[in-house]
Amino acid sequence: MVVGNIDSGVEYQHPALVEHYRGNNGDGSFSHDYNWFDASGFDLDEPADFEGHGTHVMGTMVGDDGGSNEIGVAPGASWIATNGCCVSDASLISSGEWMLAPTDRSGEDPQPQLRPHVINNSWGTVEPSNDPFMEDVFEAWAAAGQFGVFANGNSGPSCESGGSPGSRVINYSVGNYTIDHEIAPSSGRGAGQDGEIKPNVSAPGTDVRSSVPGNGYAEFTGTSMAAPHVAGTVALLWSAAPDLVGDVAATRDLLDASALDTEDLQCGGTAQDNNVFGEGRLDALALLESAPIGDVGRILGTVTDADTGGPWRGPRYGSRAPRRGLCAPTPTGPTRQCSARGTTRSAPTCSATCPSRLR
């Protein structure tokens, strides 16, 4: 499994991350083509992170130093990254497009077969918003079988405080809960676009210990820290259940159905699905127990209309797994931020480092 990260970059030689970098050749050398994209305009030939946010997020997805720092949800996965957050809208758009077909360091020779399976997005608008920014890119990810995960923002505790793109119907967004299984005050609430229940699910996001530049570790807080728990869990799921790889709809259904229902009706919804916790608290064990692991059959066929004898003008079935129920830069618009509490990056330059105001 390969996870992609659109963030502030990654310190790729961090001991918890270097062995998991797809560009690591295993002999002390590295190949950064197709594994790293410098969207910042700083002309960086190798992965770097001047702010720390992306390194922390990546650690939560895959980090493991082979010793006591087992910080990642899916340490068997490898990673690639861009530093597109959040110098400008153009840097985010180019990062999203690169995730569909990674290129060499000069931006040439796109190779769609090298795209990541899962893409984490711990960024969004500073203020509550349903802005359809990059919607065409996110639709293309889903069509390509890539699972995008989005932070739901840190503008809580008021209702309708989720940020875009997490607030959009198409995007699977994540809220932040604490060690006491309570929603964090700053976690963005729904409803989202067109009254959609948001977030979709919640995950640990308060005082999360992960990797930071300088070969160190630190605790950060925000939906930025919650989202990579879900991204790592999807990588874990797809590794255990290969028949699900690329099936975004079925994976969303399994995430929803396996989450621990957590009632909180302050912003509407039901005990099972509300605008504070979404479908509930992420439960990786229950998710894998519900997944089609092992030998999985396929049923292919066409439902026939009893009256006409021809194909029924309804769904065409090609079931692979059990289911439940189932670009141009924007010159003006909402300022976007990495989704760690109190951290703002305004276009065209990043004005604050992520670690500075996290606790």
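Which residue does a disulfide join to Cys-85? The model is a predicted one: local features need pLDDT of at least 70, side-chain atom pairs count only at pLDDT 80 or more, and totals for chains, interfaces and linings use all residues. Residues are numbered from 1 along each chain as its sequence is written, and side-chain values use heavy atoms, with hydrogens and water left out.

**View 1. Cys-85 and Cys-86 are joined by a disulfide.** The partner is Cys-86, and the two sulfurs sit 2.1 Å apart. A disulfide here is a pair of cysteine sulfur atoms within 2.5 Å, and searching the whole structure turns up two. Cys-85 has 2% relative accessibility, so it counts as buried. Cys-86 is buried too, at 3%. (Buried means under 20% relative accessible area, exposed means over 50%, and partly exposed is in between, with a 1.4 Å probe and protein chains only.)

**View 2. Cys-159 and Cys-267 are joined by a disulfide.** The S to S distance is 2.0 Å. With a torsion of about -85° about the S-S bond, this disulfide is left-handed. Cys-159 sits in the loop between strand 6 (147-151) and strand 7 (172-177), while Cys-267 sits in the loop between helix 5 (248-258) and helix 6 (284-289), so the pair ties together parts 108 residues apart in sequence. Helices (H or I, at least four residues) and strands (E, at least two) are DSSP runs, numbered from the N terminus. Cys-159 is partly exposed, with 37% relative accessibility, whereas Cys-267 is buried at 13%.

**View 3. Helix 1 crosses helix 4.** Two packed helices are described by the angle between their axes and the distance between the axes. For helix 1 (residues 53-62) and helix 4 (residues 223-240), the axes come within 8 Å and cross at roughly 35°. Axes are lines fitted to C-alpha atoms, for helices over the stretch in contact, and angles run from 0 to 180 degrees between N-to-C directions. The crossing is right-handed, which is to say that the near helix is turned clockwise from the far one by less than a right angle. On the helix 1 side, look for His-53, His-56, Val-57, Thr-60 and Met-61; on the helix 4 side, find Ser-224, Met-225, Pro-228, His-229, Ala-231 and Gly-232. Contact means heavy atoms within 4.5 Å. By class, these are five nonpolar, six polar and no charged residues. (Ala, Val, Leu, Ile, Met, Phe, Trp, Tyr, Cys and Pro count as nonpolar, Asp, Glu, Lys and Arg as charged, and the others, Gly among them, as polar.) Ten of the ten residues of helix 1 are buried, so helix 1 is largely enclosed by the rest of the structure.

**View 4. Helix 5 has nine buried residues out of eleven.** That makes helix 5 largely enclosed by the rest of the structure. Among the buried ones are Val-248, Arg-252, Asp-253, Leu-254 and Asp-256. The cover over them includes helix 3 (135-143), strand 6, strand 7, helix 4 and helix 6.

**View 5. Phe-37 and Trp-98 form a stacked pair.** The structure has twelve aromatic pairs. Rings of Phe, Tyr and Trp (its six-membered ring) pair if their centres lie within 6.5 Å; planes under 30 degrees apart count as stacked, over 60 as edge-to-face and the rest as tilted. Here the centres are 5.8 Å apart and the planes are at 10°, so the rings of Phe-37 and Trp-98 are stacked. Phe-37 belongs to strand 2 and Trp-98 to helix 2 (residues 89-100), so the pair ties together parts 61 residues apart in sequence. Phe-37 is buried at 17%, and Trp-98 is buried at 3%. Elsewhere, Tyr-12, Tyr-21, Phe-30 and Trp-79 form one aromatic cluster.

**View 6. The loop between strand 7 and strand 8 (201-204) holds Ala-191.** The peptide bond from Gly-190 to Ala-191 is cis, with omega near 5°. Pro-199 is also in the loop between strand 7 and strand 8, and the bond from Lys-198 to Pro-199 is cis, with omega near 0°.

**View 7. Tyr-34 and Asn-215 have positive phi.** Tyr-34 isn't a glycine, yet its phi is about 70°. Tyr-34 lies in the loop between strand 1 (2-6) and strand 2 (36-37), and is buried at 16% relative accessibility. Asn-215, not a glycine either, has a phi of about 65°. Its loop runs between strand 9 (208-212) and strand 10 (216-220), and Asn-215 is partly exposed at 45%.
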